Amino acid sequence: MRYGVSLLLMLWVSAVSAQDLVWQSRPPKAWSEVLSGALQAKPDERPLIRQQWYAAYALGQYGKEASGAVEVLLKRLAVDQGQDDYVRAAVALALGQIGDRKSVPALMEAFSQNPAYPAIRRNAVKALGMFGNWAKEERSDVVALLQNAMENDPDMGVRTNAAAALWSVDKNPAVMEFVRKRLESSEALDVYQGAVVASALANVWEDSAALARLLIPPIATVHPREQNMAQRRAETSPRGGRLGTWLAQDTARMCTEALGKLGPDAVPVVREAFEKSQNATSRSRYLRALAAMDSTIPTMELLLKLTVDEKEPQAVRIEAVRGLRRVLPEKRDEAKKAAIQVVNDPNAPSALVYESAQTLKWIE
């Protein structure tokens, strides 16, 4: 079974890589013709939904180079051909990526007139955020729409996308309050929303230490594998069961990712959380974030120490040796020595040996 999953993962990665290349195989005009053909053809002669979706995706990847396709994209966004909401969602995002300002009214209309199609509305607000400071200065109605969507929309995806978009447009303090309230909430879905927005905006957040303190508690969630069955059954979430487990794990993952993007002011906060935690999974998450955010000598020395410390849990040692891939030049020899020590240790876990070997390749 493990090999089957690995094979599927390899095929998926290959497919994603191929997708990233295919959009370059045709010029923007050719992709635009796919969508114009969908508008002109009879229902039974239209390009397939997936072909139209990919055409919109490709035009978005071209960005401003695809500005000649804006008129076709606007027409396709406005036409509901039935069960094509993901095509029109891709069209909305492409309009934002291209950045033609005449798209703004159509994107606002797409958001307002498609209450039954959350995919369109999510991408419409995301696209509006791509117009940045211009939207704030020239279109105050965009700011109002985004703030209202962030605070009141019934769809969680719309709320989180609107929060990130509002920050891009306006650096609105309401976004910080949105994140703070949700990360401090006792409701799992609220915390998840806060983690999504924090992950998107962490590298531009003004008070990185304050955000770090908000991100620490969700990361401290105990991993289900470390709980006994009674504890697992006691897990609470809005829907319980497997969703609660997934939600906690994904929230912790995004909070860890967000921590790693924060500035130097957050380093002491994360270091303190790492030192105080007694849970192997939480410690490994804090260490991953610390290695991503800080490459100073004190952090490098901590990573070197943890890599070879046999008393440390495997998860912590793995994150430590991965962190050495960002090693400073003056610590490179010590990093090699530590990794070689692990590789030559007959008692070292195989996963740790593998990561140490990869680190050696990385830094040589």
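Q: Where is the place of E65 among the helices?
A: Let's start with a loop in this predicted model. The two helices on either side are α3 (49-62) and α4 (70-78). E65 lies in the loop between α3 and α4.

Q: Is E65 buried or exposed?
A: The relative accessible area of E65 is 64%. Exposed means over 50%, so E65 counts as exposed.

Q: What distance separates the C-alpha atoms of E65 and P28?
A: Along the chain, E65 and P28 are 37 residues apart.

Q: Is S199 buried or exposed?
A: S199 is found in helix α12, and its relative accessible area is 6%. The cut-off for buried is under 20%, so S199 is buried.

Q: At what angle do the axes of α9 and α10 cross?
A: Helix α9 covers residues 140-152 and helix α10 covers residues 156-170. Their axes come within 8 Å, and α9 passes α10 in a left-handed crossing. The crossing angle is roughly 145°.

Q: How many nonpolar residues are in the contact of α9 with α10?
A: On the α9 side, the contact is made by V143, L146, Q147, A149 and M150. On the α10 side, the residues include V158, A162, A165, L166 and V169. By class there are 2 charged residues and 1 polar residue, and the nonpolar ones number 10.

Q: Which residues is L146 in contact with, leaving aside its neighbours within four places in sequence?
A: L146 belongs to the α9 side of the contact with α10. It is also among the residues that touch the most other members of the largest nonpolar core, which has 109 residues. Its contacts are V125, L128, A162, A165, L166 and V169.

Q: How far apart are the end C-alpha atoms of α10?
A: α10 has 15 residues, and at 1.5 Å a residue it should span 21 Å. The model agrees with this, because the end C-alpha atoms are 21 Å apart.

Q: Which helices do the buried residues of α10 pack against?
A: α10 is mostly covered, with 12 of its 15 residues buried. Among these are G157, T160, A164 and W167. The helices they pack against are α6 (104-112), α7 (118-129), α8 (132-138), α9, α11 (173-183) and α12 (188-201).

How values were computed: Residues numbered from 1 in each chain as written. Predicted model: local features only at pLDDT ≥ 70, side-chain atom pairs only at ≥ 80, totals over all residues. Heavy atoms only, no water. Core = buried A, V, L, I, M, F, W, Y, C linked by side-chain atoms within 4.5 Å. Buried < 20%, exposed > 50% of the residue type's maximum accessible area, 1.4 Å probe, protein only. Contact = heavy atoms within 4.5 Å. Axes fitted to C-alpha atoms, helices over the stretch in contact; angles between N-to-C directions. Helix = DSSP H or I, 4+ residues; strand = E, 2+ residues; numbered from the N terminus. Left-handed = near helix turned anticlockwise from the far one by under 90°. Nonpolar A, V, L, I, M, F, W, Y, C, P; charged D, E, K, R; others polar. Expected span 1.5 Å × (residues − 1).
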